Amino acid sequence: MKKWLSVISCIFIISIIYYQMNYKTIEEAIEESNIPMDEIFYTTEMKGNTIIIYGDDNILSAGLIEKNFFGYRWYGGAGSEEFNRNDSILTKSITNLLPRRSSSLDDYVTIAMGVINDDEIEKLLVQYKNEESTDATILDTKRGRIWFSFSQTPINYDPDVTRIYKDGTKISGWY
């Protein structure tokens with residue numbers, strides 16, 4: 001009986017500690033993560049995780065928040081694209097976000113994202129290896145236009161892109 005009481009006590013203590021590391025809302029998980037951000041541009045669900053596209057000062061980033069039985073927990077993120085870089089009409093950054101509870105490469109959440117510095121670009125088609133081309137999501141923000149696109153599989157190379165301009169012109173390539 002003492003053994004069972006000890007086991008139950010240990011489980012209870014571990015549950016309390018684990019619960020305290022999780023937060024009831026996404027906003028609390030972000031705030032408690034101490035990740036510098038001053039604006040969330042977009043939130044979506046991907047492969048059972050919450051993905052946020054956010055900015056801090058002049059940097060565009062993406063982050064992954066896990067949801068579990070106890071609530072939400074910030075897991076990781078990446079960002080490196082700067083707003084207002086005039087040396088490029090279209091910037092890109094690619095990250096493979098791996099959830100903690102991952103069991104295979106299929107669990108990676110892969111996102112390509114960047115900043116559009118050419119106001120004439122109306123649409124972007126992104127093609128990852130062995131996948132159909134997809135329309136990138138383009139958002140207007142107070143800092144400038146951003147784009148992002150998800151791949152179904154992890155990547156370690158630049159996907160192909162086709163820029164479609166307001167006048168209907170299509171140009172392949174990042175530059």
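Visitor: Is Y42 buried, partly exposed or exposed?
Guide: Y42 is partly exposed, because its relative accessible area is 30%. The classes are buried under 20% relative accessible area, exposed over 50%, and partly exposed in between, with a 1.4 Å probe and protein chains only. One caution: this is a predicted model, where local features need pLDDT of at least 70, side-chain atom pairs count only at pLDDT 80 or more, and totals for chains, interfaces and linings use all residues. Residues are numbered from 1 along each chain as its sequence is written, and side-chain values use heavy atoms, with hydrogens and water left out.

Visitor: How many aromatic pairs are there?
Guide: The count is three aromatic pairs. In one of them, the ring centres of Y42 and F148 are 4.9 Å apart and the planes are at 50 degrees, so this pair is tilted. The rule: rings of Phe, Tyr and Trp (its six-membered ring) pair if their centres lie within 6.5 Å; planes under 30 degrees apart are stacked, over 60 edge-to-face, the rest tilted.

Visitor: Which strands hold Y42 and F148?
Guide: Y42 is in strand β1 and F148 in strand β10, so the pair ties together parts that are 106 residues apart in sequence. Helices (H or I, at least four residues) and strands (E, at least two) are DSSP runs, numbered from the N terminus.

Visitor: And F148, buried or exposed?
Guide: F148 is buried, at 3% relative accessibility. F148 also pairs edge-to-face with F150, at 6.0 Å centre to centre and 75 degrees between the planes. F150 is buried too, at 15%.

Visitor: What does T44 contact, beyond its neighbours within four places in sequence?
Guide: T44 contacts N49, T50, I51 and F150. Contact means heavy atoms within 4.5 Å. T44 sits in strand β1. Its C-alpha atom is 10.0 Å from that of L64, 20 residues apart along the chain.

Visitor: Switching to charges. How many salt bridges are in the whole structure?
Guide: The search finds five. A salt bridge here is a side-chain nitrogen of Lys or Arg within 4 Å of a carboxyl oxygen of Asp or Glu. One of them joins R143 and D38 at 2.3 Å, N to O. R143 is in the loop between β9 (137–141) and β10 (144–151), and D38 in the loop between α2 (26–33) and β1 (39–46), so the pair ties together parts 105 residues apart in sequence.

Visitor: Are those two ends buried or partly exposed?
Guide: R143 is buried at 18% relative accessibility. D38 is partly exposed at 44%.

Visitor: What other salt bridges can you name?
Guide: K92 and D158 meet at 3.5 Å, N to O. K92 is in the loop between β4 (71–82) and β5 (93–97), and D158 in the loop between β10 and β11 (160–165), so this pair ties together parts 66 residues apart in sequence. D158 is partly exposed, at 46%. R145 and D140 form a salt bridge as well, at 3.5 Å, N to O. R145 is buried at 14%, while D140 is exposed at 65%.

Visitor: Now sheets. In what order do the strands run in the open sheet of four?
Guide: The order is β8-β7-β11-β12, with antiparallel pairing. Strands pair if DSSP finds at least two bridges between them. The edge strands are β8 and β12 (170–172), each pairing on one side only.

Visitor: How many bridges join β7 to β11?
Guide: Six, with β7 covering residues 121–127. Q127 has D160 in β11 as its bridge partner. Two bridges join β7 to β8 (residues 134–135). There, L125 partners D135. β7 and β8 make a hairpin with six residues between them, and N130 in the turn has a positive phi of about 65 degrees.

Visitor: What does the side chain of S151 make a polar contact with?
Guide: The side chain of E131, at 2.9 Å. A polar contact is a pair of N or O atoms within 3.5 Å; within protein, one must be able to donate a hydrogen and the other to accept it, and residues adjacent in sequence count only if both atoms are side-chain atoms. S151 lies in strand β10 and is buried, at 2%.

Visitor: Last one. Where does pLDDT stay under 50?
Guide: Over residues 9–20. pLDDT is the predictor's confidence in each residue, from 0 to 100. The mean for the protein chain is 81, and 86% of its residues reach 70 or more.
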